[in-house]
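Let's work through some exercises on how two parts of one chain meet. Have the viewer ready and try each task before reading its solution.

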Amino acid sequence: MFYSSVLSATFATLSIFAPAVSGLAIEHIDKRQDGYHWINTWTSMPQLVESSNMPPSPFSSGGVLKDATLRQTLHMSVGAPKIKITISNTFGGSELPITAGSVGLPAGSAAGVSGIQASPLAAITVGGKSSFTVPKGQVVTSDEIDIEVKPQSMITVSLYSQQGQSGSSITGHPGSRTTSWFVSGDKVNATNFSGTSSVHWYFVSAIQAYVPTDTHSLTILGDSITDGRGSDDNKNNRWPDLVLARLQKSNQTNVAVCNQAAGGNTVLTGGLGPTLLTRYKRDAIDQPGVKWVIVFEGVNDIGGSANSAGTQTSIGDQLIKAFTQIVADTKKAGYVTIGATITPLGNSYAGSEREKTRKRVNEWILESKAFDYTVDLASIVANKNDPEQLDTRYNGGDGLHPNGAGYQAIA
């Protein structure tokens with residue numbers, strides 16, 4: 001049985017592991033003779049944007065982003081001398097035309113600001129062209145962009161679409177915890193503009209970094225607790241961000257931390273965004289440069305189902321079966337698997353049968369030896385005198401989502 005101290009040791013003694021064996025052809029293709037390869041240094045789980053989270057008026061009228069610029073700031077994990085941008089139209093109901101795009105550094109190196117520094121500033125191109133189209137249901141990765149990024153730094157990605165995307169089905173990530181900006185016209189290279197803001201991300205799903213081959217990504221599959229519900233906007237203090245800071249501070253600079261979580265996500269059915277069972281290959285196994293995969297999910301399956309013995313027994317069975325499948329496929333791809341226990345259910349999910357399922361699944365995570373490593377997050381944030389509840393020091397208010405101190409404890 002492994003707990004959080006072992007998870008720390010996983011990163012503190014990286015040399016005990018053999019180099020990651022990727023299950024992807026892309027990993028082999030992208031490796032270079034000079035000892036570098038491409039990995040993700042930042043990710044945002046793509047999902048269909050709900051109507052309430054569409055871009056603000058007027059940027060959804062007559063075409064999403066029609067004759068408008070979208071500017072977003074993104075928090076890198078590891079640094080690199082050059083990067084690539086992945087733009088997703090996975091859930092788009094039509095083609096996504098991009099007329100122009102740029103990558104630069106935000107004013108003051110801050111998250112969520114609309115201004116950018118005058119230099120460096122580089123164009124986003126695909127196949128050498130500054131104007132390109134992301135086909136319906138697909139993703140496009142840009143050409144290499146010769147702009148250096150530093151570890152834990154912010155970059156700004158600006159996209160302009162003259163035509164806009166028709167229809168109301170677009171790809172994004174509502175739980176950005178980071179302010180994005182919209183302005184009419186082509187302002188991808190404007191250092192300053194006054195626009196309309198929204199705390200959501202759209203279209204950009206990954207930033208790839210060109211790094212030494214001993215640098216790999218830690219990918220976290222999760223729900224709102226990993227997505228950062230209860231953290232502070234524009235502070236990058238979700239627990240994965242805090243893990244990154246801890247790794248960097250301890251000189252473990254060859255681990256990128258990639259957050260592939262979404263609020264309301266489930267493992268099995270329903271919820272927000274594609275279920276974990278339908279997305280774990282897309283979001284983890286098929287991503288470049290992955291070495292470690294953390295699975296920290298299941299609370300929405302338990303809490304969103306009836307508090308009856310029959311229903312909860314079935315949910316527990318299905319969760320264990322799903323985790324077994326995910327772990328087997330992830331190990332087959334050559335990655336190290338880490339299972340995290342499900343934290344307390346909170347006010348709205350409370351129920352004796354639900355609690356039995358949580359305990360049962362957690363016991364399986366810790367004792368089945370299905371995962372290479374486990375971390376008992378539940379015990380870290382739980383009240384020691386009442387383990388079914390979050391510790392009052394870590395309670396974000398609803399008994400389910402931790403506050404800033406809780407996320408720091410998890411990290």
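**Exercise 1.** How many residue pairs are in polar contact across the interface of domain 1 and domain 2?

*Solution.* Start with the ground rules. This is a predicted model, in which local features need pLDDT of at least 70 and side-chain atom pairs count only at pLDDT 80 or more, while totals for chains, interfaces and linings use all residues. Residues are numbered from 1 along each chain as its sequence is written, and side-chain values use heavy atoms, leaving out hydrogens and water.

Next, find the two parts: domain 1 covers 36–208 and domain 2 covers 214–410, with bounds from an automatic or database domain assignment.

Now apply the rule. A polar contact is a pair of N or O atoms within 3.5 Å; within protein, one must be able to donate a hydrogen and the other to accept it, and residues adjacent in sequence count only if both atoms are side-chain atoms. The rule finds 13 residue pairs across this interface, both residues at pLDDT 80 or more.

**Exercise 2.** Find the salt bridge across the interface of domain 1 and domain 2.

*Solution.* Look for a side-chain nitrogen of Lys or Arg within 4 Å of a carboxyl oxygen of Asp or Glu. The rule finds one across the interface. Aspartate 227 and arginine 177 form a salt bridge through their side chains, at 3.5 Å from N to O.

**Exercise 3.** What area do domain 1 and domain 2 bury between them?

*Solution.* Take the accessible area (1.4 Å probe) that the two parts lose on being put together, summed over both. This comes to about 2,400 Å², with 51% of it on carbon and sulfur atoms. In domain 1, Asn40, Met45 and Arg177 lose the most area to domain 2, together 30% of what that side buries.
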